[in-house]
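Visitor: I have a model open and want to learn how to read it. Please take me through the features one at a time.

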Amino acid sequence: MIYDYLDTPIGRLLLAADEHGLRHVEFERADQGKRIGPSWRRGRQRLGAVVEQLEAYFSGELRAFDLPLAAEGTAFRKNVWDELARIPYGGTISYGELARRIGDPSASRAVGAANGANPLPIIVPCHRVIGANGRLTGFGGGLPLKQWLLDHERRHAPRAPFALA
């Protein structure tokens, strides 16, 4: 596994990838130890496209990531993560809506747990899932970072052209 750090407007991110693709994006937080494995090597090999695309995202130029992803998880979690990737840039949905989209409307809590276990935040946009009441709920980077990401996307989302009636 190759890892490195990327300084971003929301803080330092730990990135890790192997020959299969990107495996981890982690927020650096004081209350959270880094999960660097004993066999991991620091370097930018396999991370060039990740760094380029994250930098473009943070500059407001990129709205959809195109990277090989290799997140590990159960079939249920991978199903949730696949659906997260379909939430449009600048948009939000509720946990209940996400559960409906994966075909199990009663699975809101399980969807929330899968969302919280997402190893590729930002890339797989778990920040776009909010409570049914429209309020922000849990996020691995903290709610202020979740709000920042949503505001950032809304600022840079394409706007519908103005038309005169």
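Visitor: In what order do the four strands form the open sheet?

Guide: Keep in mind that this is a predicted model. The order is 3-2-1-4, with mixed pairing.

Visitor: Which strands stand at the edges?

Guide: Count partners. Strand 3 and strand 4 (41–42) each have a single partner strand, so one side of each has no neighbour in the sheet.

Visitor: How many bridges join strand 2 to strand 3?

Guide: Six, and the two strands run antiparallel. For a point of reference, find Ala-16: it stands opposite His-24 in strand 3.

Visitor: What does helix 1 touch on the sheet?

Guide: Helix 1 packs on the sheet through strand 1, strand 2 and strand 3. Its direction makes about 145 degrees with that of strand 2.

Visitor: How do I read the inward side of a helix?

Guide: Start from the general idea. An α-helix has 3.6 residues a turn, so residues three or four places apart point the same way. Now the case here. Helix 1 spans residues 48–58. Its buried residues are Val-50, Val-51, Gln-53, Leu-54, Ala-56, Tyr-57 and Phe-58.

Visitor: What covers the buried residues of helix 1?

Guide: The cover includes strand 1 (2–8), strand 2 (11–18), strand 3 (21–27) and helix 5 (143–156). After helix 1 comes Gly-60, with a positive phi near 85 degrees.

Visitor: Is Tyr-57 buried or exposed?

Guide: Look at relative accessibility. For Tyr-57 the value is 0%, so Tyr-57 counts as buried.

Visitor: Which residues form one aromatic cluster with Tyr-57?

Guide: Phe-58, Phe-65, Tyr-89 and Trp-148. The count of aromatic pairs comes to seven. One of them is Tyr-57 with Phe-65, a tilted pair at 5.5 Å centre to centre and 35 degrees between the planes.

Visitor: Where does Arg-63 lie?

Guide: Arg-63 lies over the face of Tyr-89, at 5.7 Å from the ring centre. Another arginine, Arg-12, lies over the face of Tyr-5, at 4.1 Å from the ring centre.

Visitor: Why does Arg-23 count as buried?

Guide: Check its relative accessible area against the cut-off. Arg-23 has 12%, and buried means under 20%. Arg-23 lies in strand 3.

Visitor: Which side chain does Arg-23 join through a polar contact?

Guide: That of Asp-18, at 2.5 Å. Leaving aside neighbours within four places in sequence, Arg-23 is in contact with residues including Met-1, Ala-16, Ala-70, Glu-72, Pro-119 and Leu-120.

Terms used:
Residues numbered from 1 in each chain as written. Predicted model: local features only at pLDDT ≥ 70, side-chain atom pairs only at ≥ 80, totals over all residues. Heavy atoms only, no water. Buried < 20%, exposed > 50% of the residue type's maximum accessible area, 1.4 Å probe, protein only. Contact = heavy atoms within 4.5 Å. Pairing = 2+ DSSP bridges. Axes fitted to C-alpha atoms, helices over the stretch in contact; angles between N-to-C directions. Phe/Tyr/Trp six-rings, centres within 6.5 Å; stacked < 30°, edge-to-face > 60°. Lys NZ or Arg CZ within 6 Å of the ring centre and 35° of its normal. Polar contact = N/O pair within 3.5 Å; in protein donor to acceptor, adjacent residues only side chain to side chain.
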